[in-house]
Amino acid sequence: MSTEPKPAQAIAAIDLVSRIQSGDAGAEEALVLQYQRAVIAIARIRTHDATAAFDIAQDVFMAVLKAIREGSIREPEHLSAFIQGTTRNLVNNYLRTRTRRAESALDDVEEPRIDPIPNLESSERWSLVRNEVAKFSRMDQQILLMSLVDGLSLAVIAQRLEISHDVARARKSRMVRKIIERFEAVSQKSLEPPSQNRSLRPPQ
Amino acid sequence: MREIMDCEQGTTSEVLEGYVAGTLDAASADRLELHLLECPHCVSAIEALEIAREDLASRAHEIRTRSTNSRLFDFRFWVPALAAALILLVVGGRLLSRRDRPSTVARVSPAPEVPKSPEPVVKPETQQPTAPAQPESANGTNAVPNPTKSKPETVSPKGEQSVAPTHPPTEVAQQPPSTPAQQEISKSAEPKVSTKANRLTDEQALELFRLSDVRVAPAYTAAGSAAGTKPGKATQQAGVSESGQIAGNTLFQQGMISYVEKDYVRAAELLDLAANAGKHPPEVDFYLGVCRLINGHPKDAKEPLQRVIADGKSSQVPAAHLYLAKAYMQEGILAEAESELQLAAIRPGTVKAEATALLARLRALRKSMSDSGTAPLP
């Protein structure tokens, strides 16, 4: 997996940073909109705390926007890397201190409001995934539990459940594929064009 | 390794699973996070996996508890045990059908009250079978795959069973060696409840199993009680000849004594004789049907119960409908079972509430079978 951004991505990032630095409010909205879902997902998985993930994401964008305005980002084409690094640092801070807000240095930055719409829709997606998992057989649920929750390898799972490695892998693969496909099907329906985003406010 | 659909970089699901599970190394996690910021498809995938992880984590205890308790009933025990049960069922059925030899009828242990086919809880050959005998009791713990709601450790691979069709335990029968019986198994094992083409899910099989659970009906307590008193008016009004009436009453009383003593096999034998002694009151048929149902012979239980219903005069008619529904459920004939439950729920009385509740559950089960694509049972 290459860490270098694709040319198109690099150009888009440079353009976005440039527009933000020139005071384009729409560009800030666009940045938040473009990255918020991934940032929230990363924070959620790292912290296993959905509420904290939301707060961390806000802190991330506050920090990123502040850095862009101040011209602290030396390589705009690596904007994604900057966002990822900021996310990781704030997650680590959270895990260490369990604090929700950064220091007051960020208070002068308008708090970017994360779009709550995806969060509201997440309840539907939550139900969908839960229902999908509930349909799995007991053994399948055990496989998934041991894999995703316990972090056990397929070899260990197969041994504990007294099934073959291939069977364990096939069953897990099937379940994961089902969950992801169903989830994506719902997510596709809920995607809104950025222009219709009702909740983002341009920072003042 | 399977690649995530639409991911341009071909991220595999294993990588995403490892990330969600927290088993990915730091460098790989960082690389993946960088990728996530550019790939909405992978973001969607990990969102889904994270929700699944959280859901499973919240139910981890339940999932583990059920799996732990079910180890006694993994398929390596269950399949031979069920095969043995089927042998007993066939042999017992054949022995009971020999009505001219009551004194030599073997005391056969009733087969466990399980769904007709063992297959609902056994996965197809293409998959490793799940721990098939993992029925749950209402409180979420595992129970024996028979209506007895205690003593889960009753199934052994040798086929000996101390299972009871209902709460009262029954004796363990000697398994008679029988080649013809074994041949019968291949026929009798053909399930009505489930075939490869219309396999129930574990949950559906469990629910069907619970629905078909048979509770012992209260013993006959009218004037002609099993305690040895004179037969009641119903018997007299049946127009039975005196000698036949006396013989029938005696057998009925003896049968009810066995019934009260929870010897349902003996009770069935005696009640069967009473039913064949001539005209008899509907109570004979009713308890005969109940005993046969308890003993694991739903097919044989239907006829006497249907006689009770046809008679129409007995106060046991609603209960007969209920037990007939149980017989149909044990045979997997759910449409008929539903009809019988509807009839049982018509008349006000003690049966109405139970029948109504069962009817709702049966309808829900049939709907779930329809929704899950399980082929409708006969």
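The model is a predicted one, so local features are reported only at pLDDT of at least 70 and side-chain atom pairs only at pLDDT 80 or more, while totals for chains, interfaces and linings use all residues. Residues are numbered from 1 along each chain as its sequence is written, chains are lettered from A and ligands numbered from 1 in the order in which they are written, and side-chain values use heavy atoms, with hydrogens and water left out.

Chain A, to begin with, has 8 helices and 0 strands; helices (H or I, at least four residues) and strands (E, at least two) are DSSP runs, numbered from the N terminus. Of its 204 residues, 48% are buried, where buried means under 20% relative accessible area, exposed over 50%, and partly exposed in between (1.4 Å probe, protein chains only). Contact here means heavy atoms within 4.5 Å. Among contacts in chain A with a separation of 6 or more, 72% come from residues 24 or more positions apart. The accessible surface of chain A is about 10000 Å², with 49% belonging to carbon and sulfur atoms; such areas come from the Shrake-Rupley method with a 1.4 Å probe, and for residues only the protein chains shown count as cover.

Then there is the interface. Here 57 residues of chain B are in contact with 54 residues of chain A. The area buried between the two chains is about 5400 Å², and carbon and sulfur atoms give 58% of that; buried area is the accessible area (1.4 Å probe) that two parts lose on being put together, summed over both. The interface also holds 8 salt bridges, each being a side-chain nitrogen of Lys or Arg within 4 Å of a carboxyl oxygen of Asp or Glu. On the chain B side, the elements giving two or more residues are helix 1 (13–21), helix 2 (26–36), helix 3 (40–58), helix 4 (60–69) and helix 7 (202–211). Helix 3 of chain B supplies the largest share, 16 residues.

Helix 2 of chain B gets a closer look. Its buried residues include B:Ala29, B:Leu32 and B:Glu33. The buried residues of this helix pack against helix 2 (25–47) and helix 4 (79–97) of chain A, together with helix 1 and helix 3 of chain B. B:Asp30 forms a salt bridge with A:Arg46, with the closest N and O atoms 3.3 Å apart. That pair crosses between chains, from helix 2 of chain B to helix 2 of chain A. B:Asp30 is partly exposed at 21% relative accessible area, and A:Arg46 is partly exposed at 28%. A network of salt bridges links A:Arg46, A:Arg88, B:Asp30 and B:Glu33.

Other salt bridges sit within a chain. A:Arg171 pairs with A:Asp140, the closest N and O atoms being 2.6 Å apart. The pair links helix 8 (residues 165–190) and helix 6 of chain A, 31 residues apart. Leaving out residues up to four places away in sequence, A:Asp140 touches A:Arg171, A:Arg174 and A:Met175. In chain B, B:Lys302 and B:Glu331 meet in a salt bridge (2.6 Å, N to O). B:Lys302 lies in helix 12 (residues 298–311) and B:Glu331 in helix 13 (residues 317–331), so the pair ties together parts 29 residues apart in sequence. B:Lys302 is buried at 14% relative accessible area, and B:Glu331 is buried at 3%.
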